[in-house]
Each structure stands twice: as structure tokens, then as C-alpha cells.
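Please read it alongside the sequence and coordinates shown here.

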Amino acid sequence: MLGWKFVKFQPSEYVMKFRSGKVIKEGVGLSFYYYAPLTSIVVIPVSSIDVPFMFDEMTRDYQTVTVQGQLTYRITDFRRISRLLNYTYDPRKHRHLSDDPDKLSQRVIHMAKVQIQKHIEHMPLKEVLQSSERLAGSIRQELRVHEELEQLGIELIGLSILAILPNKETLRALEAEAREEILRQADDALYERRNSSIEQERRVKENELNTEIAVEAKKRQIQEAKLESERFALQKHNEMKEEQLNHDTLLEERKRELIELAVANKKAEADAKAYELTAVMRSLEGVEPALLQSMTQMDMNPDKLIAIAFREMAENAEKIGQLNITPDLLQGLMEGSSDHMRTTKERRGDGWK
């Protein structure tokens, strides 16, 4: 039939059939006949749309970084988006009549760029390079409640930042700085190991010195204990000597008292003998000496008497003319003297004094 066409769409496409400015049929994956001169067809994708992006931004310390990523969105309000953008479809050429569908992705990317720029311009370079995941999470939350996306009837499904890269000069400088930092950390680790080794050696020496100090302290305690024991023994010895001296002093005092007593007794005895002799001598006053001599010769041994006689003859030798002493007389005197000496010894042997 002239002017009538048949068209069929995929399940991933939302189709709206317009005639005279009114929707007469809409749905997903429709197929229908239409009169080409009076019918307009709007086709809106139902599936999610992946849009990569890459743009440059300036950090707080005036360093340029390149942000690479991808966002995913889908259209949720088809009538609203069809009123804001031209999604009219040409079934014969199998394409949209305008470039508004492509502009939609750019509009979503611009929204994401604005949000990313708001964060990056307040962050220094090193923080930006290390915060891609945190930055992506913040941007994702902000775009999900973005007013313009809601007005377009678009839902953000996901946003990821794949890389944040500085320019080549800055990257080389950062690499050199990182290399120097790594080398410095390696040197610090080496110094730390050396310091740790020195510290361990110091601790070992300190422990050895503490051990020696403890040993010396124990030796000093032992020496003090020995000295204390010796002092105690010496004290006991001195006490014993003092007791012995006290005992000897007491004994000597007793001896002195005994001697004094003995002296007193001797003196008394001597006084008694002197008194006795004095009394005897007084009684013998006026007695003839010859009588006294005769009294003393009474009970005297014959040999002694003979000796006295010889002594008297010797004293009166000038008066004696001639004296004859026979051997018999001398022999008799000798025998008498021997008998007297033997009798004296026997008496001493029997305990006589």
C-alpha cells in the first residue's frame, strides 16, 4: 500500500508512536504498521549506557592532572526525556534524526566534570593522586541526587575513576621524589637496623654489667656476713677473755687475801716465837755461860761432842804442848759418824723430818 510501512524494534528500545502530536502507541520492543506521512516515531534506549570520559583539571597547588573514568546511566522517564530532547527515529535509515541522544551523554559527563572539579581544586596534587576511589564514591553520591539528572529523567547507575595522572614533567619529578624517598627510607632502615644492633649490644653489655654488679653485691653481702660472723666470734672471744680476766682477778684477789692471811699468820707465829724466845731469854738472864753451854750439849751425839772438844783444843792450842791421836780413835769417830748418817737417812725414809 502506498505510504504504509511496517517496522519492528528491539526489546532494548522504548518506542512511542505519534500521530498529530499525540501518543497513540508506546512500549518496549513494539512492531506495527504506520503511515509515514502522518506518523512520527520516537525511540529511546532502555538499556544502560556506558560513557567514558577524560579531562584535565587543576589542583590546589596549580598542578594539572588528567582524570580518566567511566560513568553508566539509564533513562527512567521516557516521556520526560522525549519532551526535552529529540529522539525522533527514521525507520528507513535506522538512525535518529538529530544528535540530541549523543549530546545527552556529554551533558551527563559535564555534570560529573563539574562535581570532580569542585573536589580536585581544593586538594593538593599528592592527595588527588591517592584519592581516586574516595573521589569516585563522593561524586557518585552527589550525582545520584543531582537535580538536573532528575529533571532529565536519568538515573546514574555507576561512576568509576580509572586513573588520575599528572603531566610528564610532574610525573618524572614525583618519580624522582618517590625514588629519593624510597632510598631515604632504605637508608633509614639501614640506620635503624644499625641502631637496633647497637641498642641490642648496649643492652647485652648493660645486662652483663648488671650481672657483675649483682655478683659483686652478693660477694659484698657474703663478705659482710663473714665479717659479721668474725666480729660476733671476736666479741664472744672478748667476752670469754673478760670473763676469764674477771675470774683470774677474783682468784688473784682470793690469793692476795690468802697471802695476806698467811702473812698475818706467819707474823703472828713469828711474834709468838719472838715472845717465846724473849721469855726464854729473860728466864736465862744471870745464868753462867758455861752452864748454858753444858745444857746445850746434853743428849748430843758423841762425834759432835768430840768435834767440839777438838775445836776447844784448837782454840787453846798455844797452851797444849803435844797431842797424840791414835788411829783407833779416828776410826771410831768415822764409824760413829757413818752410823749416825745411816740412822738419819733411815729416819728420813720413814717420813721423819
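## Basis and overall make-up

A residue is called buried when its relative accessible area is under 20%, exposed when that area is over 50%, and partly exposed in between, with a 1.4 Å probe and protein chains only. The model is a predicted one, in which local features need pLDDT of at least 70 and side-chain atom pairs count only at pLDDT 80 or more, whereas totals for chains, interfaces and linings use all residues. Residues are numbered from 1 along each chain as its sequence is written, and side-chain values use heavy atoms, with hydrogens and water left out.

Of the 353 residues in the chain, 21% are buried. The chain holds nine helices and 10 strands, taken as DSSP runs (helices H or I, at least four residues; strands E, at least two) and numbered from the N terminus. Among the contacts (heavy atoms within 4.5 Å) with a separation of 6 or more, 62% are between residues 24 or more positions apart.

A nonpolar core is a set of buried Ala, Val, Leu, Ile, Met, Phe, Trp, Tyr and Cys residues joined through side-chain atoms within 4.5 Å. The largest such core has 39 residues, of which Ile44, Leu71 and Leu104 touch the most other members; its largest share, seven residues, comes from H2. A second, separate core of nine residues includes Val15, Tyr34, Ile41 and Val43.

Helix H2 (residues 100–120) has 21 residues and spans 30 Å from its first C-alpha to its last, close to the 30 Å expected, that expectation being 1.5 Å times one less than the number of residues. Its buried residues include Leu104, Val108, Ile109 and Ala112. Beyond its neighbours within four places in sequence, Leu71 is in contact with residues including Val108, Ile109 and Ala112.

A pocket is an open set of points on a 1 Å grid over the protein atoms alone, with protein on both sides within 12 Å along at least five of seven lines, and its lining residues have an atom within 4 Å of a point. The largest pocket contains about 170 Å³ of space, and its lining comprises six nonpolar, three polar and three charged residues. Strand E5 (39–45) gives the most to this lining, with three residues.

Lys5, one of the lining residues, lies in strand E1 (residues 4–8) and is partly exposed at 39% relative accessible area. Leaving aside neighbours within four places in sequence, Lys5 is in contact with Phe32, Tyr33, Tyr34 and Ala36; the C-alpha atoms of Lys5 and Ala36 are separated by 6.7 Å, although the two residues are 31 apart along the chain.

Conventions. 1 Å grid on protein atoms, 1.4 Å probe; cavity = no way out; pocket = protein on both sides within 12 Å on 5 of 7 lines; lining within 4 Å. Points joined across faces, edges and corners; volume = space filled by probe spheres on them. Nonpolar A, V, L, I, M, F, W, Y, C, P; charged D, E, K, R; others polar.
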